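Colleague: I would like to learn how to read the main features of a model. Could you take me through one?

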Amino acid sequence: MSLAPAPLRLVRALDLAAASGLVRLGGRSFVVGDDDLDLHVYPDDGGPPLRLPLRPGTLPADPKARKRSKPDFEALCRWPGGLLVLGSGSTLARQTGAFVQLSPDMSPETAREFSLAPLYAGLAGRLPGLNVEGAAALGDDLALVQRGNGAGNRSGLILLDRAAAEAAVDAGAAWTPALVRDVRLLEFGTIGGVAYTPTDAAPLPGGGLLLSLAAEDSPDTYA
């Protein structure tokens with residue numbers, strides 16, 4: 001495999017600590033952070049950024065307390081009528097999703113929470129170190145990207161029934177293991193003895209997924 005440099009262009013500077021999910025849509029960049037409760041919206045025209053609360057409340061300022069209580073919103077993808085936000089599931093506090101409705105001009109209007117706890121509990125037997133870090137529509141499936149960082153963990157794709165997931169979101173219902181169509185384990189090689197693991201995903205126009213990878217020498221998904 002040959003590697004070539006990719007040209008980069010600065011679009012906007014962000015006012016959040018960690019951009020864990022990004023969707024470009026309608027002249028805007030929609031961003032979620034893993035230690036934040038808001039969806040951040042950055043217009044391409046340089047206008048002021050917007051924020052939409054994904055859930056009520058505030059997070060502690062203390063870093064350790066913030067890490068324990070954050071919803072860890074990691075995955076963001078396009079969804080009929082808006083955007084889908086998913087927590088990583090790496091702790092019990094991180095098992096919430098949200099649907100963000102968008103207006104015709106692509107500005108966010110409302111956010112509606114739903115539970116991922118039954119789905120994530122069902123996946124725990126197949127992926128003991130559950131750590132969902134990306135999501136993308138893939139044909140009739142919704143592909144969730146499992147980041148297998150940590151000793152003994154594995155990366156992979158969790159393929160869900162997309163139509164059934166859409167129906168659950170419309171009804172405000174919790175996601176359950178019945179949505180799962182397949183779990184496929186993946187390996188991307190190592191560098192310095194540390195495995196490359198996927199951190200986000202985007203659908204390609206002709207089918208398939210574009211993944212971003214990172215090699216993080218951490219002992220588990222929480223650390």
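Modeller: What follows goes through sheets, cores, a pocket and a few single residues.

Modeller: This is a predicted model, in which local features need pLDDT of at least 70 and side-chain atom pairs count only at pLDDT 80 or more, while totals for chains, interfaces and linings use all residues. Residues are numbered from 1 along each chain as its sequence is written, and side-chain values use heavy atoms, with hydrogens and water left out.

Colleague: In what order do the strands β5, β6, β7 and β8 lie in their sheet?

Modeller: Strands of a sheet pair through backbone hydrogen bonds, either parallel or antiparallel. Helices (H or I, at least four residues) and strands (E, at least two) are DSSP runs, numbered from the N terminus. Two strands pair if DSSP finds at least two bridges between them. Here four strands make an open sheet in the order β5-β6-β7-β8, with antiparallel pairing. The edge strands, each pairing on one side only, are β5 (73-79) and β8 (108-115). From one strand to the next the twist averages 20 degrees.

Colleague: How many bridges join β5 to β6?

Modeller: Six bridges join β5 to β6 (residues 82-87), and the two run antiparallel. Arg 78 has Leu 83 in β6 as its bridge partner.

Colleague: Which helix packs on this sheet?

Modeller: Helix α3 (residues 162-171) does, touching β5, β6, β7 (96-102) and β8. Contact means heavy atoms within 4.5 Å. The direction of α3 makes about 100 degrees with that of β5. For such angles, axes are lines fitted to C-alpha atoms, for helices over the stretch in contact, and the angles run from 0 to 180 degrees between N-to-C directions.

Colleague: Which strands form the open sheet of three?

Modeller: That sheet has the order β13-β14-β15, again paired antiparallel. Its edge strands are β13 (190-191) and β15 (209-215), each pairing on one side only. Seven bridges link β14 (residues 194-203) with β15, and Ala 201 has Leu 211 in β15 as its bridge partner.

Colleague: Which residues touch the most other members of the largest nonpolar core?

Modeller: In soluble globular proteins, nonpolar side chains tend to be buried together. A nonpolar core is a set of buried Ala, Val, Leu, Ile, Met, Phe, Trp, Tyr and Cys residues joined through side-chain atoms within 4.5 Å. Buried means under 20% relative accessible area, exposed over 50%, and partly exposed in between (1.4 Å probe, protein chains only). The largest core has 25 residues, and Leu 84, Leu 86, Leu 142, Leu 144, Ile 158 and Trp 175 touch the most other members. At least two residues of this core come from each of β5, β6, α2 (117-123), β9 (132-138), β10 (141-146), β11 (155-161) and α3. A second, separate core of 15 residues includes Val 23, Leu 39, Val 41 and Leu 76.

Colleague: What does Leu 86 contact, beyond its neighbours within four places in sequence?

Modeller: Its contacts include Asp 72, Phe 73, Thr 96, Phe 114, Tyr 120, Ala 135, Leu 144 and Trp 175.

Colleague: Is Val 132 buried or exposed?

Modeller: Val 132, in strand β9, is buried, with a relative accessible area of 0%. Leaving out residues up to four places away in sequence, the residues touched by Val 132 include Glu 74, Tyr 120, Leu 144 and Ile 158.

Colleague: Where do Asp 72 and Met 106 lie?

Modeller: Asp 72 is in the loop between α1 (63-69) and β5, and Met 106 is in the loop between β7 and β8. Phi is near 55 degrees for Asp 72, a positive value in a residue other than glycine. For Met 106, also not a glycine, phi is positive and near 75 degrees. Asp 72 counts as buried because its relative accessibility is 4%, whereas Met 106 is partly exposed at 23%.

Colleague: How many residues lie between β1 and β2 in their hairpin?

Modeller: Two residues lie between them, and Gly 26 in the turn has a positive phi of about 60 degrees. The strands pair in the antiparallel sense over six bridges.

Colleague: Which strand gives the most to the lining of the largest pocket?

Modeller: β1 does, with five residues. The lining has 16 residues, of which Arg 9, Val 11, Arg 12, Leu 22 and Ser 29 lie nearest the centre of the pocket. On a 1 Å grid over the protein atoms alone, a pocket is an open set of points where a 1.4 Å probe fits, with protein on both sides within 12 Å along at least five of seven lines; lining residues have an atom within 4 Å of a point.
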